[in-house]
Amino acid sequence: MAVTAAPSALDRWFEISARGSTVGREVRGGLATFFTMAYIVVLNPLIIGTQPDSTGQYLGGGTSPNLAAVAAGTALVAGVVTLLMGAVANYPLALATGLGLNAFLAFGVAALPGMTWPDAMGLVVIEGLLILVLVLTGLREAVFRAVPAPLKTAISVGIGLFITIVGLVDAGFVRAGSGTPLELGIGGFLSGWPTLVFVVGLVLTLVLMARGVRGAILGGIVVATVLAVAVEAVAHLGPRTGADGSVANDRAWGLNVPALPDSWIDTPDFATLGHFSLLGSFERIGWVTVLLLVFTLLLADFFDTMGTVVAIGAEGDLLDENGNPPRMRRILVVDSLAAAAGGAGGVSSNTSFIESATGVGEGARTGLASVVTGTAFLLTTFLAPIVSIVPYEAATPALVVVGFLMMTQVKGIDWTDFEIAVPAFLTIVLMPFTYSISAGIGAGFIAFVLLKVARGRARAVHPVMWVVAVLFVLYFAIDPVKQALGVA
């Protein structure tokens with residue numbers, strides 16, 4: 001009679017065997033997630049590190065950009081909060097500075113007359129603390145539970161399409177057209193060595209998956225990166241955009257130039273840490289403007305996270321019969337703390353990244369994957385040159401593959417039920433078409449309530465859904481509201 005070995009302490013803590021996973025899968029999944037979102041360490045400094053506040057100061061202090069400090073702070077905060085997500089919430093979810101939120105902070109907040117970067121980061125801390133209060137009082141969890149399961153499925157499918165178009169656009173496979181919003185490649189044709197790297201990475205990943213090879217997604221990223229380095233060594237393409245932000249060579253690399261670095265280790269500069277003023281904005285721009293800005297940050301952060309958490313859980317088969325993830329309260333607490341930590345770290349709000357679905361597609365099912373991803377981010381504060389090797393074109397095939405996997409959930413929506421089908425449709429299509437997870441969720445929620453009312457079934461709408469729908473109406477109309485209040 002065979003004796004089954006008792007699970008290790010690591011297995012018991014993360015429930016690895018109980019969730020049908022292995023340590024190897026978690027490690028591969030964690031690394032796959034890291035490589036698909038490591039671009040944030042490079043991209044975030046380019047968005048918020050290059051924009052002065054209204055006084056001419058840059059993040060970290062000084063009259064010139066300090067991109068190294070913003071990169072180090074970005075990696076440090078992402079590493080800490082992702083480790084926390086793994087160890088406390090045991091969920092395969094990674095967090096880092098949220099795109100969209102950082103751009104809003106750079107161009108819509110810090111640039112306001114009288115505002116400084118510390119003031120702007122103070123608003124992020126306030127927003128994170130408010131979300132934490134919503135979690136601790138049960139309100140944020142109540143919203144999760146009030147959303148009908150088919151709408152949660154639609155959110156997951158919509159995010160699948162969203163990350164697919166993000167991957168295609170970032171790789172240059174799809175671009176802005178001359179006579180159309182988007183077109184294939186350049187002038188309707190695929191052109192350039194970076195596009196070839198993307199295609200090779202995508203085809204290789206799909207072939208490996210079709211053959212049942214473990215680590216297919218991570219393997220595709222690694223092989224595509226090696227190919228990219230070889231191409232750059234021969235062709236010397238350089239970056240697609242020049243120093244002034246204009247397109248210098250539309251057949252070159254989208255972000256990182258995949259060349260071996262001169263130095264593999266760099267000493268981090270954490271000048272952005274603690275670079276925030278909690279209440280300074282109230283004096284500079286007034287409490288009405290502060291409330292509107294915090295409300296905008298809060299609503300976008302709130303529902304981006306909801307969509308991401310549900311999508312990750314659905315992809316990993318971690319949701320219960322009502323579409324809710326395990327340990328939801330802990331997940332939301334960590335996410336709220338991450339938002340505040342991003343402001344306190346001077347790198348903008350940290351939020352859940354949908355790229356985590358890449359790790360789940362690789363087999364990750366527990367928080368151990370997040371611990372691996374978080375550790376990789378912490379190492380990045382010293383090994384930033386290594387991250388710069390991986391270009392968009394090598395990492396984004398993973399997003400397209402995961403987008404397909406998430407799209408398969410569309411069969412779980414009853415398309416014959418008009419009251420569900422229309423909100424689900426709007427949720428799914430508006431996420432990629434508006435480049436906003438929150439916009440898709442908001443449109444779906446509003447349509448759901450409106451159709452229930454139109455059919456005389458208003459009482460069937462959960463009270464929380466009424467409140468959320470009204471809030472989304474305000475969110476979409478935020479500019480007219482600001483103008484009416486004289487704070488535009």
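User: Is Asn90 buried or exposed, and at what relative accessibility?

Analyst: This is a predicted model, in which local features need pLDDT of at least 70, side-chain atom pairs count only at pLDDT 80 or more, and totals for chains, interfaces and linings use all residues. Residues are numbered from 1 along each chain as its sequence is written, and side-chain values use heavy atoms, with hydrogens and water left out. Buried means under 20% relative accessible area, exposed over 50%, partly exposed in between (1.4 Å probe, protein chains only). Asn90 therefore counts as buried, at 1%.

User: Where is Asn90 found?

Analyst: Helices (H or I, at least four residues) and strands (E, at least two) are DSSP runs, numbered from the N terminus. Phi of Asn90 is positive, near 50°, and the residue is not a glycine. Its place is the loop between α4 (67-89) and β1 (95-97).

User: Is His236 buried or exposed?

Analyst: His236 is not a glycine, yet has a positive phi of about 50°. It sits in the loop between α10 and α11. Its relative accessibility is 62%, so His236 counts as exposed.

User: What separation do the C-alpha atoms of Ser263 and Leu383 have?

Analyst: Ser263 is in the loop between α10 and α11 (280-285). At 39% relative accessibility, Ser263 counts as partly exposed. Ser263 and Leu383 are 120 residues apart along the chain, and their C-alpha atoms are separated by 9.0 Å.

User: Which elements do the buried residues of α9 pack against?

Analyst: Helix α9 (residues 193-210) has 18 residues and spans 26 Å between its first and last C-alpha, close to the 26 Å expected at 1.5 Å a residue (1.5 Å times one less than the number of residues). Its buried residues are Pro194, Thr195, Val197, Phe198, Gly201, Leu202 and Thr205. They lie on the same side of α9 because they cover an arc of only 160° around the axis, taken from the directions from the helix axis to the C-beta atoms. By contact (heavy atoms within 4.5 Å), they pack against α8, β2 (174-175), α10 (216-235) and α17.

User: Which element gives the largest share of the lining of the second largest cavity?

Analyst: The lining of the second largest cavity includes Thr36, Tyr39, Glu355 and Tyr392; lining residues have an atom within 4 Å of a point, and a cavity is a set of points on a 1 Å grid over the protein atoms alone where a 1.4 Å probe fits but cannot get out. Two elements give two or more residues to this lining, α8 (149-170) and α17 (392-407). The largest share, 4 residues, comes from α17.

How values were computed. On a 1 Å grid over the protein atoms alone, a cavity is a set of points where a 1.4 Å probe fits but cannot get out, and a pocket is an open set with protein on both sides within 12 Å along at least five of seven lines; lining residues have an atom within 4 Å of a point.
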